[in-house]
Each structure stands twice: as C-alpha cells, then as structure tokens.
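Hi,

Here is the structure I said I'd pass on to you. Have it open while you read, and my notes follow just below.

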Amino acid sequence: MVRLLKYFPLAAENIAARKMRSILTMLGIIIGVASVLTTLGIGRGASADIMQQIASEGLTILNVESGSYSDQTWTSGQPLTMADVAALSDRSLHPDIGQAVPLYRRYIHLVAGDNNRYSEVVGTTSAYAAIHNLEMDQGRFLTEDEIAQRTKSIVIGAAVAQKLFEGTKAVGQSLRINREPYTVVGVLRKGVWDRFGNTDDRAIIPLAVAQDRLRSAYTPHRHRGEYTVSTIHVNAVSIERIDAAARQVEQTLRLRRALAEDDPNDFSVDSQAWLLETANSVATTLTAFLAGIGAISLLVGGIGIMNIMLVSVTERTREIGLRKAVGAHNRDILLQFLAEALMLTLVGGLIGIAVSYGLAEIARSFSSPDFPLAVLIEPGSLAAAVSVSAACGLLFGLYPAIRATRLDPIEALRHE
C-alpha cells in the first residue's frame, strides 16, 4: 500500500493532463455514489418515519388485562389492582418501562339537557394523555390537581361534544353521568384513532372518581384491600425495548400472583410486536431495493473507469515501452495505472458524497408533515461509499493495468 501511495503524485499529473476526460470519467462514479447514498438515505428516512408513526399510534404501549386465552379457551384471573400499577411503576425493577397508567373503564350514558350518548368513559391519570399523544381541539386535559382532588371534571371526544352540545362550545358546560354533574374542561381533536379505537367517542375522568362513582355490579370494586382497575397501559421506553418491557411485566405479575412455573398466565399482555416486525421487514426490503438501483449506477461508473483506462493504456503504449526499456518492472507499471484508477474513483466518490448531502438538503426543503421526505445519510453509509469507490478503482483498474504490464517493450516502442 505504501508503494502504491508513492505513485499518486504521478497519477495526479496524468489525470490533470487530461482534465475533460478525467471529469467525464469521474462523472459515472459521482452519479453512482450519490445514487447509492441518496437511495439508502431515502430508505433509512422512510424507515425512521415508519417507526415514528408507529410510536405516535401508541404501539409502544402494552395493554395488560386480567384473564387470558390459551388454546382458544378463556381463563379468568385475579383482578388487576392499584398495587400492580405501583409495582410496575418501579423503574429500578423495570428499566424498560417508562410509565404504568391505570384505566377504569365503563360504557355508560352521558346526558346533557335532552341529549344523551352511550360512550366509553375512562377513569385514568394525567399521564394517559402523554403516552397516547392526545391532542386537544378545545380546552385542556385533566390536571394533576384535578386527579388528586377527585374533581368531577371530564374531557370528551369530538363526537360526544357534537351530540351532547350540538355544535356549541362544550368547554365550561356541564353533563351528567348517573345523574351527577361533570364539568367539561376539554374536547379531543376530531378524527384521531389509536390502537384502542376512535377517541371521538371517548370520555375521560379522574381515576378515583371513576372507581368510586362508576362501580360495576359485575366486577369487584376492591381486591385484597386495593382498588381494582380494568386495564393497565404500560409504555415501553422505546420501540426497540417493547419485548423486554413485556417480559418484565409478565415476570412481575406472575410473582405477584404466586404462579408456579408450569401454571399458565391468568393475565394477558398485548404488545403488538408483530406489527413492529412487519414494519421493520418492509423498511429493510425497501432500503435494499433502493440501494440495488443505486448500485447499478455505480457499476456503470466502474465500467466507464475500465473503458477509459484501456484507452489510456493504448494511448501511452510508447511511454510504457520506454519505461520498461530503461528498467521499470511490471510491478511499477501495474501500480502506476492502479494509482490512476484509484485516484479517479476516490475523488469521484468524495464529490458524490458532497452531492448526496446537497440532495438531502433539497429533499428536506420540500418535506412537509403531509409528505415527509427525509434522506438520512448515516456514518456507516459514508464509510461504505468510500470503501466501494476504492474497490471499484482497484477492481476495474486491475485489468487495464495488467494489460499494460504485458506489452512487449520493443513492440511498444514501435507503436505509432
């Protein structure tokens, strides 16, 4: 390699002596490298956007419920309680769990004046809005003080607001649940779906109020002295840690229920990990497909390098013969032409990298929330681009260089 480097100044002189040809030769490598990096970046950007969309749709949330299906048979289990929520909220024991949010759910009639609507009412804490990325159309979400003081405040979905208040401003008005008044403090943005349904037909109240006022005759109010909850939403710290968070939930709940090793779970943990795996598979396939298209451009550029180097060998036949006549070895001729090919591809590769960054900035300027267009050029891709450029120089420059070494000095000196 050190011997090869000493030929670079001579290679630079020969390239500079044929500027236009060198530029046109490098153009194929420039386009090839820029194409590979840009298409890889588009694939990476699409993958990142898919992951972001998954996270925003609440797919990092584990839905924990009492009871489970095994061999198409439903097995009832001990109710989930606030003690379970407290145990799962211990970050020292559950490093992959961000938050554990309790929910007490009932389907019940909401009444305002002469209007009523049968909707899902969810009793929960203020953390519910954060893990579900809820957005408000009017007003605000429940505050910590309202949760702690058990205030009869309520946040309603857009469909509930439309039905009960008929288009008038809902915030500040009152509705009734089981003949008890609740003050509307917020209305959720219309048309938002999460993996648990349409938020338009949902109402949210403080957890303790729901546990006290919305008791069901079919489910126990307390279990071993603790308030029960319908479900627990456990938010994993990241998309990548969903499976680890699910294992931690399962281990903790099995221990709390004193289940033997061969006992089936009497609870279920729904993670939606299969959807994440599908999205990753699609993103990987897309990236590989786009990179393959870009690699074709790089291959064409490499063939262009070989073609020009063969022409260069033919043009410089007398020079090669003269160098051999004065004592140059075949190895010296080989390294000289390899150095020229390598320099062409490396310079073309570096310019291609700069072009790909320019294309990424152009794409970013056209990106919008409705049409996200991100080109993520990662350090690993840059290293691969430089390596592939060098490999192209060595691979496609090798044959012309070997052909140059095989020239007979006497015949080469006679060449016109």
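**What I found**

Leaving aside residues up to four places away in sequence, Ile-305 touches Thr-25, Ile-29, Ala-341, Leu-344, Thr-345 and Phe-396. Contact here means heavy atoms within 4.5 Å.

Some ground rules before the rest. This is a predicted model, where local features need pLDDT of at least 70 and side-chain atom pairs count only at pLDDT 80 or more, while totals for chains, interfaces and linings use all residues. Residues are numbered from 1 along each chain as its sequence is written, and side-chain values use heavy atoms, with hydrogens and water left out.

**The overall picture**

The protein has 14 helices and 17 strands. These are DSSP runs numbered from the N terminus: helices are H or I with at least four residues, and strands are E with at least two. Of its 416 residues, 45% count as buried. Buried means under 20% relative accessible area, exposed means over 50%, and partly exposed is in between (1.4 Å probe, protein chains only). If you take the contacts with a separation of 6 or more, 76% of them are between residues 24 or more positions apart.

**The cores**

The largest nonpolar core has 29 residues, and Val-33, Leu-37 and Ile-305 have the most contacts inside it. Helices H3 (19-56), H10 (273-315), H12 (330-366) and H13 (379-405) are the elements that each give two or more residues to this core. H12 gives the largest share, 9 residues. There is also another core apart from this one, with 23 residues, including Ile-108, Ala-170, Val-184 and Val-187. By nonpolar core I mean a set of buried Ala, Val, Leu, Ile, Met, Phe, Trp, Tyr and Cys residues joined through side-chain atoms within 4.5 Å. As general background, nonpolar side chains tend to be buried together in soluble globular proteins.

Gly-292 and Leu-40 are 252 residues apart in sequence, and their C-alpha atoms are 9.2 Å apart in space. Gly-292 counts as partly exposed because its relative accessible area is 34%.

**A cavity and a pocket**

How many cavities of 30 Å³ or more does the structure hold? It holds 1. About 110 Å³ of space lies in the largest cavity. Its lining has 12 residues, and those nearest the centre are Arg-18, Ser-22, Ile-308, Glu-340 and Leu-344. Helix H2 (8-17), H3, H10 and H12 each supply at least two lining residues. By class, the lining has 4 nonpolar, 4 polar and 4 charged residues.

The largest pocket has about 360 Å³ of space. It is lined by 17 residues, with Ser-66, Thr-219, Pro-220, Val-229 and Ser-230 closest to the centre. Strands S1 (61-66), S5 (97-112) and S15 (226-229) each supply at least two residues of that lining, and S5 gives the largest share, 3 residues. The pocket lining has 6 nonpolar, 8 polar and 3 charged residues.

The terms: on a 1 Å grid over the protein atoms alone, a cavity is a set of points where a 1.4 Å probe fits but cannot get out; a pocket is an open set with protein on both sides within 12 Å along at least five of seven lines; lining residues have an atom within 4 Å of a point. Grid points are joined across faces, edges and corners, and a volume is the space filled by probe spheres set on the points. Ala, Val, Leu, Ile, Met, Phe, Trp, Tyr, Cys and Pro count as nonpolar, Asp, Glu, Lys and Arg as charged, and the others, Gly among them, as polar.

**A histidine to look at**

Is His-233 buried or exposed? His-233 has 1% relative accessibility, so it counts as buried. It lies in strand S16 (residues 231-236). Its side chain makes polar contacts with the side chains of Asn-63 at 3.1 Å and His-132 at 3.0 Å. A polar contact is a pair of N or O atoms within 3.5 Å; within protein, one must be able to donate a hydrogen and the other to accept it, and residues adjacent in sequence count only if both atoms are side-chain atoms.

**Two positive phi values**

Glu-166 is not a glycine, yet its phi is positive, about 50°. Glu-166 sits in the loop between helix H7 (158-165) and strand S9 (174-177). Arg-179 also has a positive phi, near 70°, in a residue other than glycine. Arg-179 is in the loop between S9 and strand S10 (180-188). Glu-166 is exposed, with a relative accessible area of 56%, and Arg-179 counts as exposed at 80%.

Cheers
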